[in-house]
Amino acid sequence: MVDIGVAEVIPPAEVEDVELYHPKSWVTKYVFCQDAKVIAIQYSITAISIGLAALVMSWFIRLQLAFPGTFSFITPSNYYQFVTMHGMIMVIYLLTALFLGGFGNYLIPLMVGARDMVFPYVNMLSYWVYLLAVLVLVASFFAPGGPTGAGWTLYPPQAILEGTPGRPWGIILMLASLILFIIGFTMGGLNYVVTVLQGRTRGMTMMRLPLTVWGIFTATILALLAFPALFVASVMMLFDRVLGTSFFMPAIVQAGEHLKYAGGSPILFQHLFWFFGHPEVYIVALPAFGIVSDLISTHARKNIFGYRMMVWALVAIAVLSFIVWGHHMYISGMNPPFGFFFATSTLIIAVPTAIKVYNWVLTLWRGDIHLTVPMLFALGFIVTFVNGGITGLFLGNVIVDVPLSATMFVVAHFHMVMGIAPILVVFGGIYHWYPKITGRMLNERLGQFHFWITFLGAYLIYFPMHYLGFIGVPRRYYELGETAFVPPSAASLNVFITTAALIVGAAQIVFFFNLIWSLSKGKLAGGNPWKATTLEWQTPQTPPGHGNWGKELPVVYRWAYDYSVPGAAQDFLPQNQPPAIQAR
Amino acid sequence: MNILYLFLAVIAAIVAWWLVQQRLTAKPWLEAGPIGATGASSLPTAKIGLGVFLAVVGCLFSLLISAYAMRMDMGEWRPAPVPALLWLNTVMLILSSGALQWARVAARRGGMDGVRAGLLTGGGMALAFLAGQLIAWHQLDAAGYYLTANPAAAFFYLISGVHGLHILGGLVALGRTMDKAWQGVAGGNVRLSVELCAMYWHFLLFVWLVLFGLLLLTDPIESDSGLVSLIWRIF
């Protein structure tokens, strides 16, 4: 450890302190609030609530797959509506909103040492537009014809044709909701990016930022550039559906009748959708990468291995994620050289990702590993992400993807890599930061129970599903019926998977009970229960008061990972601790 | 997707330029101690915010243009005629942008009369542009190129509509700036608002010039040389 200066010299802030907004009434303090911490909690509660609805829908999907024809309320139309809504909600309204709107809003200002986001009013609007998007989506369940059942990719022409569930209102509300979501997200995204750029406190250089902030920052830039593609696609499809244009609609003869559409291109939609869709995977994954890095370093009491490499890898993944979208379209048909290009770029993206995995493992190597609940979830993430990532390497190859693409193998792959893995990080993050948000610890025993059921259960659900895919069980089917190549054992495996899914889903009640019970009964946490170095744990009050810091903003003297520094009195040195105090 | 990637390359260049200044090769674990500069920009935060927003808007229009070009490539392309009125509208938008630039220069010199005149002219010209666009829509519609007539017409209404909505949003910001200028708020505050408006207007003018250039193309662009021929035809 080299000290490059004397602690007394505190440079002046380059950017003026923001004028803080002060809530005057109960409504502006808890409802129409501009404080990023409150907005974060609003975002999280909304996202988790709608996510629970999607969880219940996944139960219905599984019940139908295991016991076809048993439940009268699961008609073929309902089944496709559940599949569509489950996918759309989980990817966009839960994961994207929770990582960026929830974790981003809470952690960015605290971790960079700011009082709030740079544009608090726009930030507040962001949440309310998001809530409106969610409400419009929910409204589609009650509209005539129900929500759309076009599949979460909403491929035209079938998405807006007669015969697809939700054709009267569902698809219109779905597209409107997506458009609103993107508008709301852009408002929030501007805040996250500009706060990281301009809101950092004195001494907080980019290379001293915790990786959580780096992850959310890069993911937000990705999202700001990728969501416009979904926006354009949604607007154009809405035009096709409502105004009768033919952006995506070719000439179609349906039931012997010429439809009024002509001259559109369905493939154009696929390009736009996947130009958004692939970066979306990383919009969810990059914040998870960042958060996991911090959890592992803190709970293994060891500095993160290869910090610079971690930052570079985040940037590299972000750049590469824009040139791989074609691997979602192999079976749409494409020029073979294009297939080769997309397969190659897909495999290349595994390199920076693998660097991150090695660095996490090397951080654990000879660390003082505390198997706390957040650490368990972080470890669970690494294993799950590697599992899901490796099947991604298979599917990235055209020749492997073509036979497997329409099977349960793909379902198992993307649930492992972008369903279970990020959700484990969400849980880990909540167990880790709950003490800061509420001032109380979550119950450890309940947390461990929750972890083991969720982690092992997820494997019981998705490992056998890979096998189902290998033997050719197709995805998207309402029921299999008599199929020559599918052995009867597939049916019993489906029953097994469904049982596991029901148990894992129900076990989440333990988590919610823990959240509510610990709010008043949990052990008092104190300011820094994990003995962590990052700034959010050094606030004068816990939970942090309005404006986050006291009169003075903190001054940062070191990077975020000074754990177990040789010769130091404690095994961690907070970022705002000047070097002079350090025992040498 | 050529145009989109051209746009993303510009964004990537800006990001790379910025990253280079952030000492990405620093070894933060060896550098405990106070650091003078954090690497934050000395530009006003609002300007950075607008810059990021314009990047998003730019992405939106690049995607629309890319979709348009891709659709042109796919065959059976029957272009819509370009109303001559669009030339006049283009002049209006250029004047509008110029007037705001004038207001910006006046604000820098502290001449409030110039600021007010510039803002008023700029706003008026922008309204004239929007009115002109509506008339152009009407002319196309009357000529049989209504919204659902063919993809070329649909693209024209969509893209010019999205552009018009952005101008309309800008007019709201311009109205608030005018309010400030007439209320006689402290000079620096007005100056920043005027600069932001001018930045936004110049950007939307640039977008319109690209869109208009694209509309003037009558033949589908070849996919291999799409970008080159596009630039060739525009200039």
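Visitor: What pLDDT does chain B average?

Guide: pLDDT is the predictor's confidence in each residue, from 0 to 100. Chain B averages 87, and 91% of its residues score at least 70. Over residues 220-226 of chain B the pLDDT is below 50, though this stretch has 13 contacts in the model beyond near neighbours in sequence. A contact here means two residues whose C-beta atoms, placed from the backbone, lie within 7 Å. Where pLDDT is low, the predicted coordinates should not be read in detail. The model as a whole scores ipTM 0.91 and pTM 0.94.

Visitor: How many helices and strands does chain A have?

Guide: Helices (H or I, at least four residues) and strands (E, at least two) are DSSP runs, numbered from the N terminus. Chain A comes to 15 helices and two strands. Its C-alpha atoms fill a box of roughly 85 × 50 × 50 Å along the principal axes.

Visitor: At what angle do helix 13 and helix 14 of chain A pack?

Guide: Axes are lines fitted to C-alpha atoms, for helices over the stretch in contact, and angles run from 0 to 180 degrees between N-to-C directions. Helix 13 (residues 408-438) of chain A and helix 14 (residues 444-470) of chain A pack at about 170°, their axes 8 Å apart. That makes the two helices of chain A roughly antiparallel, a label for angles over 145 degrees. By class, the contact of helix 13 with helix 14 of chain A has 13 nonpolar, four polar and no charged residues. Ala, Val, Leu, Ile, Met, Phe, Trp, Tyr, Cys and Pro count as nonpolar, Asp, Glu, Lys and Arg as charged, and the others, Gly among them, as polar.

Visitor: How many residues does the contact take from chain B and from chain A?

Guide: The contact takes 44 residues from chain B and 58 from chain A. Helix 2 (45-73) of chain B is one of the helices supplying at least two residues of the side that touches chain A, and helix 2 of chain B gives the most, with 13 residues. That side of chain B has 28 nonpolar, twelve polar and four charged residues.

Conventions:
Residues numbered from 1 in each chain as written. Chains lettered and ligands numbered in written order. Predicted model: local features only at pLDDT ≥ 70, side-chain atom pairs only at ≥ 80, totals over all residues. Parallel < 35°, antiparallel > 145°, perpendicular 65-115°, else oblique.
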